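Please look over the sequence and the model before reading on. The paragraphs below lead through them step by step.

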Amino acid sequence: MSNPNTGAERLRRAIAQAPQPALLPFFTAGHPRRQDFHSILGQLAAAGDAVEIGVPFSDPMADGATIQRASEKALANNVTLQWILRALEAHGDPGAPVALMSYCNPLLAYGIERLAARCGDCGVCGLIVPDLPWEECEPVRAQLGKQGIALVQMVTPATPDERLRALCRGSRGFVYAVTATGVTGGERRVSAEMARYLKKVGRYSRLPVCAGFGVRSAEQVRALSGVTDGVIVGSAVVECLERGENPGAFVRALRN
Amino acid sequence: MKIQEAEARSLMAALLSGELPDSEGRFGPFGGRFAPETLMPALFRLERQARQFFADEDACRALDEERREWVGRPTPLTRARGLERAWGAQVWIKREDLAHTGAHKINNALGQAHLARRLGAAQVVAETGAGQHGVAAAAACARVGLPCAVYMGALDMERQAPNVQRMRQLGAEVVAVDKGDRTLRAATDEAFRAWVADPHGVYYLLGSAVGPHPYPWLVRELQKIIGEEARQQFAQSAGGLPDAVFACVGGGSNAIGLFHAFLGDESARIFGIEAGGKGPGAGQNAASLCAGKPGVLHGSYSMLLYDDDGQVLETSSISAGLDYPGVGPEHALLQAVGRAAYLAASDEQALEALAECCRLEGILPALEPAHALFAARAWARENPGKRILIGLSGRGDKDMPTLTQTLS
């Protein structure tokens, strides 16, 4: 963590130093079309403070309908982890740190050690793995840690305090705070209860805290200022891409 | 996956002494809890409550009474004299087809419905492939007074139409899952999502010995009554132990239920039979143990059918109940340590064995256990005169649409 050049530290710094809350747009690689990957990445990296790239999976059990649809489309477009890493390497530095969001099995199939060694060349600073909870993550965390790549831990409102402490301490890059129990993509207002929860996570964490799942309007983003360090914008960006609109403009509009 | 001999021996000893799954839900390298963080508190709570439930004498007595009076346990062990003459062996069949709702699934559904009530769940959700677990869940929920929603792949709804009607008649809501592969796997994805959306109000009544810990353990504990009864009945009827035990394996709940009581009996060979489908090619079968590699699906690290990029393969089987790309982690362990052998029987072989059982025994088995019947016959012919026990996990009435189509 002390080395300022590791992926984990680049990710942390990009969020911590952005105007609050930092914006972390998400898109599924190769959706809606493979050939748009570079332009979408470029636009989102310019508009956001870090970019989350979804690796498609055949059984995305923690995702809502929007990201399931994107994942299915990307698979139909023959998008694989290998393709994504090559595309990232070819792209060069997009100007913002990149984190990959993937279910376990594509990572296992690729090989964790091999992946950890490749991340640096591809500008991947961190990994978010929704089906790899704290109890199961040590082998992956250790391999990524050796290369300075963050394994981002997720916390939820149902996470008990003791567990929250362990997850915040064990996370790298940032802490991903799921703002509601449920699959991704639901529209929610920023309730007093949610604000209390996010502030609590902030107290437990020395890393920036980013709120995820269901953020889609400038009003929500404003309401989260001072409550959380960053905001992940997932389903809303994917829907914007489905409509054929400019994702960079959409993300910039969230700042107004 | 193979495990070294010394390690295999120590894992087997741990399994037999009840130390597996361990505190992390592992059966050796397999199992675990590969679940979203949202579900982790619910999984811990479920494990705690399930352990309390099994330690609560009153709760167990109430469940036992229901098993006797409502399920109709113990189910009979039938000497299959017609098959014996044809195969040249001694053959006994454990009749889970005679359990209430027509399959072993009711053992698990009833137990978990009692647990759901104990946890104060407002809604039960379940996934189903052949519809047998869905029917069992619907019946068990009606019995304990809980609302039940069953997720079912749209393709399975077509090929198992009679069971869809039965579930509705029993008061369950049947939710058609018209995405992904439109079978059991997509239905399981969707049932998980319903649980992720409300981990406290919803009880997920998982139907097989798969999923994140504690499910593979919980389902085995509720199904092991099959083998316990069979072992005792076999001793009474035949004296001693069978030479070989056969059961079909999809997720593997009826198989683990039958096998468990025999794991310590070294003279009893154990065979699990998977769906060989149309053949050995990728996507042509559902034989996770025969053709898969270790991987993660639906919360558990086990043998799995997936491609070089980690994407789970579509599967194919004439039998909806075996049409699943994964398998319970305890089976993966039994295979890796060499305690059980896993083979595949094709669609055609299952159909042939089903017809033979109808003709010679007057029993219409489901397509799932017909896979086990085929493998048992093949083994009997190579091992004449041996004593064979076969788990007949369910009855074949639900397969009439498929059978009618195939015959015509």
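Predicted model: local features only at pLDDT ≥ 70, side-chain atom pairs only at ≥ 80, totals over all residues.

Residues are numbered from 1 along each chain as its sequence is written, while chains are lettered from A and ligands numbered from 1 in the order in which they are written.

Chain A holds 12 helices and 8 strands. Helices (H or I, at least four residues) and strands (E, at least two) are DSSP runs, numbered from the N terminus. The C-alpha trace of chain A spans about 45 × 40 × 35 Å along its principal axes. Its radius of gyration is 16 Å, which agrees with the value near 18 Å that a compact globule of 256 residues would have; the radius is taken over C-alpha atoms, and the globule rule is 2.2 Å times the number of residues to the power 0.38. Of the 256 residues in chain A, 59% are buried. A residue is buried if 20 or more other C-beta atoms, placed from the backbone, lie within 10 Å of its own, exposed if 12 or fewer do, and partly exposed in between. Among contacts in chain A with a separation of 6 or more, 75% join residues 24 or more positions apart; two residues are in contact if their C-beta atoms, placed from the backbone, lie within 7 Å.

Where the two chains meet, chain A gives 31 residues and chain B gives 28 residues. On the side of chain A, α4 (81-91), α5 (104-110) and β5 (150-155) each supply at least two residues. The largest share, 6 residues, comes from α5(A). By class, this side of chain A has 19 nonpolar, 8 polar and 4 charged residues. Here Ala, Val, Leu, Ile, Met, Phe, Trp, Tyr, Cys and Pro count as nonpolar, Asp, Glu, Lys and Arg as charged, and the others, Gly among them, as polar.

Chain B is divided into domain 1 (29-67 + 105-219) and domain 2 (72-103 + 224-407), with bounds that come from an automatic or database domain assignment. The C-alpha centres of these two domains of chain B lie 22 Å apart. Their contact takes 37 residues from domain 1 of chain B and 41 residues from domain 2 of chain B.

One sheet of chain B is open and has 4 strands in the order β7-β6-β5-β8, with parallel pairing. β7 (173-177) and β8 (202-204) of chain B stand at the edges with a single partner strand each, so one side of each has no neighbour in the sheet. Strand β5 (residues 123-128) of chain B pairs with β8(B) over 3 bridges; two strands pair if DSSP finds at least two bridges between them. Within this pair, Val124(B) has Tyr203(B) as its bridge partner.

Elsewhere in chain B, strand β4 (residues 90-95) is joined to strand β3 (residues 77-79) by 3 bridges, running antiparallel, and Thr78(B) stands opposite Ile93(B). β4(B) is also joined to strand β14 (residues 387-392) of chain B, by 6 bridges in the parallel sense. There, Gln90(B) has Arg387(B) as its bridge partner.

Just after α14(B), Gly338(B) takes a positive phi of about 80°.
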